[in-house]
Amino acid sequence: MDTGTPLHILVIEDNPDLAANVCDFLEAKGHVADAAGDGVTGLHLAVTKNYDAIVLDIVLPGIDGLTVCKKFRDEAKRNTPILMLTARDALDDRVVGLECGADDYVLKPFALRELEARLKALVRRAKRHVSARVLHVEDLEFDPALFKARRGTRTLNLSPIPLKLLEILMRASPKVMKREELERAVWGDTPPDSDALRSHMHTLRAAVDGAGEPALVHNLRGIGYRIAPTDAL
């Protein structure tokens, strides 16, 4: 049994058998894996969700992997670790991939255990800088370095506890955070009365979800909360 921290991985690979093998292996190891079979879908998922790492093939329909990587870095300004999948004899692709912003690569065919080990290493390195990464969910943005939050063109004025809840839920997005997990993350082992979290979440939801805007803060009754687009529920 794998005892490491579960990772949320996006696999962008047009070979359905290979993508299924990778996702099945990662999920058997306790991770969460999403898959996209073309560059357009992969780029959309990479930009609209928060992943711990991305597995990206170079040869893809729609938009090739090199273009996906470059757009993700240069236009979306995201720094999620990217592990490229390349053919054994495609040295130029590996060089260009690294120049486009990929963090590492594995050669096809590859061992699934090696893939997981490389992903874990990339995530460990990335976590050294995680506090400075600007978080995005749809048009919601939070800068942990400056403690500033925005929804579209609106600046969100939040007190410290709702701001902390915002950061926790955005880092976990689109996963659900149980009430107990949120209380422990904010107050440690001595949480206040049971209405405190509900009150702060009400404040957060009122600030994030303005009139006429698609809801991003969701209460799963009896379970917990999450921040995600409605169509991801």
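A residue is called buried under 20% relative accessible area, exposed over 50% and partly exposed in between, using a 1.4 Å probe and protein chains only. The model is predicted: local features need pLDDT of at least 70, side-chain atom pairs count only at pLDDT 80 or more, and totals for chains, interfaces and linings use all residues. Residues are numbered from 1 along each chain as its sequence is written, and side-chain values use heavy atoms, with hydrogens and water left out.

**Exercise 1. Determine whether Phe72 is buried or exposed, and list its contacts beyond four places in sequence.**

Step 1. Locate the residue: Phe72 belongs to helix α3, residues 65–74. Helices (H or I, at least four residues) and strands (E, at least two) are DSSP runs numbered from the N terminus.

Step 2. Apply the cut-off: Phe72 has 1% relative accessibility and therefore counts as buried.

Step 3. Collect the contacts, meaning heavy atoms within 4.5 Å. Leaving aside neighbours within four places in sequence, Phe72 touches Leu43, Ala46, Val47, Ile54, Lys77, Arg78, Thr80 and Ile82.

**Exercise 2. Describe how α6 packs with α8.**

Step 1. Take the geometry: the axes of α6 (residues 160–172) and α8 (residues 195–208) come within 9 Å and cross at roughly 75 degrees. Axes are lines fitted to C-alpha atoms, for helices over the stretch in contact, and angles run from 0 to 180 degrees between N-to-C directions.

Step 2. Classify the angle: under 35 degrees is roughly parallel, over 145 roughly antiparallel, 65 to 115 roughly perpendicular, and the rest oblique. The helices α6 and α8 are therefore roughly perpendicular.

Step 3. Name the residues: α6 contributes Ile161, Pro162, Leu165, Leu166 and Leu169, while α8 contributes Leu197, His200, Met201, Thr203, Leu204 and Val208.

Step 4. Sort them by class: the contact of α6 with α8 has 9 nonpolar, 2 polar and no charged residues. Here Ala, Val, Leu, Ile, Met, Phe, Trp, Tyr, Cys and Pro count as nonpolar, Asp, Glu, Lys and Arg as charged, and the others, Gly among them, as polar.

**Exercise 3. Describe how α6 packs with α7.**

Step 1. The axes of α6 and α7 (residues 179–187) lie 10 Å apart, at an angle of about 125 degrees.

Step 2. This angle makes α6 oblique to α7.

Step 3. Ile161, Lys164, Leu165, Ile168 and Leu169 of α6 meet Leu182, Ala185, Val186 and Trp187 of α7.

Step 4. The contact of α6 with α7 comprises 8 nonpolar, no polar and 1 charged residues.

**Exercise 4. Identify the backbone features at Pro109, Pro174 and Glu138.**

Step 1. Recall the background: most residues other than glycine have a negative phi, and most peptide bonds are trans.

Step 2. Lys108 and Pro109 are joined by a cis peptide bond with omega about -10 degrees; Pro109 sits in the loop between β5 (104–108) and α5 (112–127).

Step 3. Ser173 and Pro174 are joined by a cis peptide bond with omega about 5 degrees; Pro174 is in the loop between α6 and β10 (177–178).

Step 4. Glu138, although not a glycine, has a positive phi of about 55 degrees. Glu138 lies in the loop between β6 (135–137) and β7 (140–143) and is partly exposed at 42% relative accessibility.
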